[in-house]
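Subject: Structure handover

Hello,

Here is the structure you asked for. Please open it first, then read my notes below.

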Amino acid sequence: MKCSECKHWKRLDISDQWLPEDEAGTCDGLLNDKVDIELKTGWDGGYIDSIETKHDFFCANHEVKD
């Protein structure tokens, strides 16, 4: 399952400047009630602090808990 094969994913034109394995895009399938993204921001920028999801949310980066 790859993002590039998903109907919610749109390839960014800037990807033409990169190698194929670095292709990037945006996803509009994570909106609405599936995720809540918490950001930490300041004068020097920001980062994602956490992503809250519903119990049945699927993530391709899933790893089994220890």
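A disulfide is a pair of cysteine sulfur atoms within 2.5 Å. By that rule, this model has zero disulfides. Please keep in mind that the model is predicted.

**The cysteines**

Cys-6 is partly exposed, at 32% relative accessibility. Cys-27 is partly exposed too, with a relative accessible area of 39%. You will find Cys-27 in strand 2. Its C-alpha atom is 15 Å from that of Thr-53, a residue 26 positions away along the chain.

**The chain as a whole**

The protein chain has four strands and zero helices. Along the sequence, that reads β-β-β-β.

How does the radius of gyration of the protein chain stand against that of a compact globule of 66 residues? The chain has 15 Å, while such a globule would be near 11 Å. The C-alpha atoms fill a box of roughly 35 × 35 × 30 Å along the principal axes. Of the 66 residues, 5% count as buried.

**The hairpin**

Look next at strand 3 (35–42) and strand 4 (45–53). They form a hairpin, with two residues between them. The two strands run antiparallel, and eight bridges join them.

Val-35 has Thr-53 in strand 4 as its bridge partner. Gly-42 is partnered by Gly-45, also in strand 4. Thr-53 is the residue mentioned above, with its C-alpha atom 15 Å from that of Cys-27.

**A nonpolar patch**

Which residues make the nonpolar surface patch? They are Ile-37, Leu-39, Ile-48 and Ile-51. The patch covers about 390 Å².

Take Ile-37 as an example. This residue is in strand 3. Ile-37 is partly exposed, with a relative accessible area of 42%. Being partly exposed means that its value falls between the limits of 20% for buried and 50% for exposed.

**The salt bridges**

How many salt bridges does the count give? The count comes to two.

One is between the side chains of Arg-11 and Asp-16, with a distance of 2.8 Å from N to O. The other links Arg-11 with Glu-23, where the closest N and O atoms are 2.5 Å apart. Arg-11 lies in strand 1 (residues 9–11), and Glu-23 sits in the loop between strand 1 and strand 2 (25–27), so this pair ties together parts that are 12 residues apart in sequence.

Arg-11 takes part in both contacts. Together, Arg-11, Asp-16 and Glu-23 are linked in a network of salt bridges.

Are these three residues buried or exposed? Arg-11 is partly exposed, at 38% relative accessible area. Glu-23 is partly exposed as well, at 34%. Asp-16 is exposed, at 57%.

**Where to start**

Then go to the hairpin of strand 3 and strand 4. Find the patch with Ile-37, Leu-39, Ile-48 and Ile-51. Finish with the network of Arg-11, Asp-16 and Glu-23.

Best wishes

Technical notes:
Residues numbered from 1 in each chain as written. Predicted model: local features only at pLDDT ≥ 70, side-chain atom pairs only at ≥ 80, totals over all residues. Heavy atoms only, no water. Patch = residues over 30% accessible without salt bridge, like charges linked within 9 Å, V, L, I, M, F, W, Y side chains within 5 Å. Areas by Shrake-Rupley, 256 points an atom, 1.4 Å probe, with all protein chains shown as cover. Salt bridge = Lys/Arg side-chain N within 4 Å of Asp/Glu carboxyl O. Buried < 20%, exposed > 50% of the residue type's maximum accessible area, 1.4 Å probe, protein only. Pairing = 2+ DSSP bridges. Rg over C-alpha atoms; globule rule 2.2 N^0.38 Å.
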